[in-house]
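Please look over the sequence and the model below before reading on. The briefing that comes after is arranged by topic.

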Amino acid sequence: MSDTSRTDIKAAPQREQTPYIEMRNITKYYGGTIRALHDVNFRINRREIVGLVGDNGAGKSTLIKIISGVLQPTEGQIFVEGKETKFSSSKVAMQNGIETIYQDMNLIDCMDIMRNIFCGRETTTSMGFLDLKEMQERAMHLLKNEVTIEGIRSPEQLVGNLSGGQKQAVSIARAMFFKNQVLLLDEPTSALSVRETQAFLNHIQRLREEGLSIVLVTHNIFHAYQVADRFFLLSQGECVLDVDKSETDIDELTKIIVAH
Amino acid sequence: MGETNARHSGARALFNRVHGLKSGNILIVFVAIQVIAIGASLAFPQDFRYLSTSNLQVLFRSIPTLGIIAMGVNLLMISGEFDLSVGSTFALASLVMAKLFNAGTPLIVAILAAIAIGIMIGGVNGYIVVKSNVPSFIITLGSMWFWRGIVLLVSQASNEAFNPGPGMDAVFTASIGPVQVQFLWFVAIAIICWFFLERHKLGNHIFATGGNVNAARALGINVKRIKMMNFMILGALASLSGIISTTRVNNVSPIQGEGLELQAIAACVIGGTALMGGRGSVLGAFLGAALLFTVQDVLLLLRAPGYYLRLFVGLIIILAVVLNEILRKK
Ligand SMILES: Nc1ncnc2c1ncn2[C@@H]1O[C@H](COP(=O)(O)OP(=O)(O)OP(=O)(O)O)[C@@H](O)[C@H]1O
Ligand SMILES: [Mg+2]
């Protein structure tokens, strides 16, 4: 089985273009002993959706957090359009066009929807004072026209009082508002209804057409298969498969994932 | 009939609006206590002198010492940290100011030095907390004793007189009718804190840091810097409070300010500030500090023995926290 995957890695066509983000030999230890990633090479090309898959604890969220600047790799390098860049904080990653929906740390419960959406990137007037009116209007527009959330009446509702799906929708709304070059989505639909999940999957395909790059982490292989152009399988912190959609089909993919 | 109804629903709407405020609960309790105290004072002007000028002066003079510190404690607690060393900062800043002034340093320099000492202590506390990741409760417990030790060492455990003259009195402690200047300082600081917390992006970052530190960091907020900043603001306010209080009593005692740290936390908690961070309001902390002194004052006016004070304050704290928790869950 491992043989198959190795050929698959080689079979993945080397694209002529430089990837937007390229990570080389990424290793991550937590607290010096827990190895979450080992020697992972990961790239994000322009205008593609990568399905990042793997078992619980495989290291998917760790990889996402390294790209988003929240965690620093123990070893390895990150290149943005071929230029080595240190993602020393999430701010640096954002400045490089990366917008993230995390699996578990997106929202601040004791703040309202509007303040959550703009948190850290507030619209201000002079001297850092909040332009509440402007933020209000933008949030209103966003929730009315772009990412409508079932049961939301106003951007002033406290996030802590929302349902799991509504919270996830607020995270999505924020990512859509600030989307730039790359969207990292760590199980963004785990709490959404079937209908909203489909709408979301359609939406990210449109974003790819607009030129965005998207990394989608999901345990639902059908969702990944539906939208992704490439699949990247992690197992116990190591890359075991990096294959284009054209090189595989859903049965083979399922088999490989289950085997690991 | 229709008119009473309209008035009724108007009152109801007002009640709902007040109740909807972040500090609505404490505001209602505070107003209720004031109404009772003022009513009793009007009914029994001879026995219960709540509204007498001398009593109002006592209130307006006592509240700011705690209140100014509570403003800083409130910011720090909302960002998820504590500072138990503010009482020691309060004393050291006062002592440094008095010593410098008595040694011939210009008054303004002595005052600025006192403020600088507070900012420095806050900065050291904050630096150790964010670098070590040890809970600030423990770090500042150590800091509280350390700086109190320094105060005792420098003062040789004796009082230091401070008689800066009429200019300083005018700025900090003069009376305008029953109100004293130090109360105006308190109000001004509270207003500034409100704008900072509710209308400035750093205030937003303070709530985010205390509400969910991982999310705040992931959103690009420098949570360490936010916490450091709050420790330093609190240090400056503790110094200012010490300066005002010392100007009022013309004296620095080496044990002055002991217990202020817990009273300030109590004032914030009564006002609805969460112990775990993320929630709180300036008006709540303001009223919390005022409420503690109002209760103390009422007990004094009723000539209740001193131990009633602690007993009542203890009850108020527990009731306030439990009530806030219940109302929040609703
Ligand atoms: N903060 C942490 N401290 C220590 N170990 C951690 C930490 N975060 C993750 N790990 C460990 O690192 C490994 C990879 O975790 P990670 O969260 O990246 O997995 P994942 O692929 O996202 O899993 P899931 O599908 O369950 O979300 C796991 O063994 C996990 O226990
Ligand atoms: Mg994960």
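Predicted model: local features only at pLDDT ≥ 70, side-chain atom pairs only at ≥ 80, totals over all residues.

Residues are numbered from 1 along each chain as its sequence is written, chains are lettered from A and ligands numbered from 1 in the order in which they are written, and side-chain values use heavy atoms, with hydrogens and water left out.

**Confidence**

- The model has an ipTM of 0.90 and a pTM of 0.92.

**Magnesium site in chain A**

- Ser61(A), through OG, and Gln103(A), through OE1, coordinate the magnesium ion (ligand 2) at 1.9 to 2.0 Å; donors here are N, O and S atoms within 2.8 Å of the metal (3.2 Å for Na, K and Ca), and since water is not among the atoms, sites may look incomplete.
- Because Ser61(A) belongs to helix α2 (residues 60-67) of chain A and Gln103(A) to the loop between β6 (98-101) and α4 (113-118) of chain A, the pair ties together parts that are 42 residues apart in sequence; helices (H or I, at least four residues) and strands (E, at least two) are DSSP runs, numbered from the N terminus.
- Ser61(A) counts as buried at 18% relative accessibility, while Gln103(A) is partly exposed with a relative accessible area of 43%; buried means under 20% relative accessible area, exposed over 50%, and partly exposed in between (1.4 Å probe, protein chains only).
- Helix α2(A) is largely enclosed by the rest of the structure, because 8 of its 8 residues are buried; among them are Lys60(A), Thr62(A) and Lys65(A).
- Just after α2(A) comes Gly69(A), which takes a positive phi of about 85°.

**Four-stranded sheet of chain A**

- An open sheet of 4 strands in chain A has the order β2-β1-β4-β5, with antiparallel pairing, where two strands pair if DSSP finds at least two bridges between them.
- At the edges of this sheet are β2 and β5 (83-84) of chain A, each of which pairs on one side only.
- Strands β1 (residues 21-30) and β2 (residues 34-44) of chain A run antiparallel and are joined by 7 bridges; Ile26(A) stands opposite Val40(A), and Tyr29(A) stands opposite Arg35(A).

**Six-stranded sheet of chain A**

- An open sheet of 6 strands in chain A has the order β6-β7-β8-β3-β9-β10, with mixed pairing.
- The edge strands are β6 and β10 (238-244) of chain A, each pairing on one side only, and neighbouring strands of this sheet are turned by 15° against each other on average, direction ignored.
- Strands β3 (residues 49-54) and β8 (residues 213-217) of chain A run parallel and are joined by 4 bridges, with Val50(A) opposite Val215(A).
- Helix α6 (residues 164-178) of chain A lies across β6 and β7 (182-186) of chain A and runs at about 175° to β6(A); axes are lines fitted to C-alpha atoms, for helices over the stretch in contact (heavy atoms within 4.5 Å), and angles run from 0 to 180 degrees between N-to-C directions.

- Asp112(A), in the loop between β6 and α4 of chain A, counts as buried at 14% relative accessibility.
- Not counting residues up to four places away in sequence, Asp112(A) touches Pro155(A), Glu156(A), Gln157(A), Leu158(A) and Val159(A), and its side chain reaches the backbone nitrogen of Met114(A) at 3.3 Å.
- Asn55(B), found in helix α3 (residues 53-78) of chain B, is buried with a relative accessible area of 6%.
- The side chain of Asn55(B) makes a polar contact with the side chain of Asp297(B) at 2.9 Å; a polar contact is a pair of N or O atoms within 3.5 Å, where within protein one must be able to donate a hydrogen and the other to accept it, and residues adjacent in sequence count only if both atoms are side-chain atoms.
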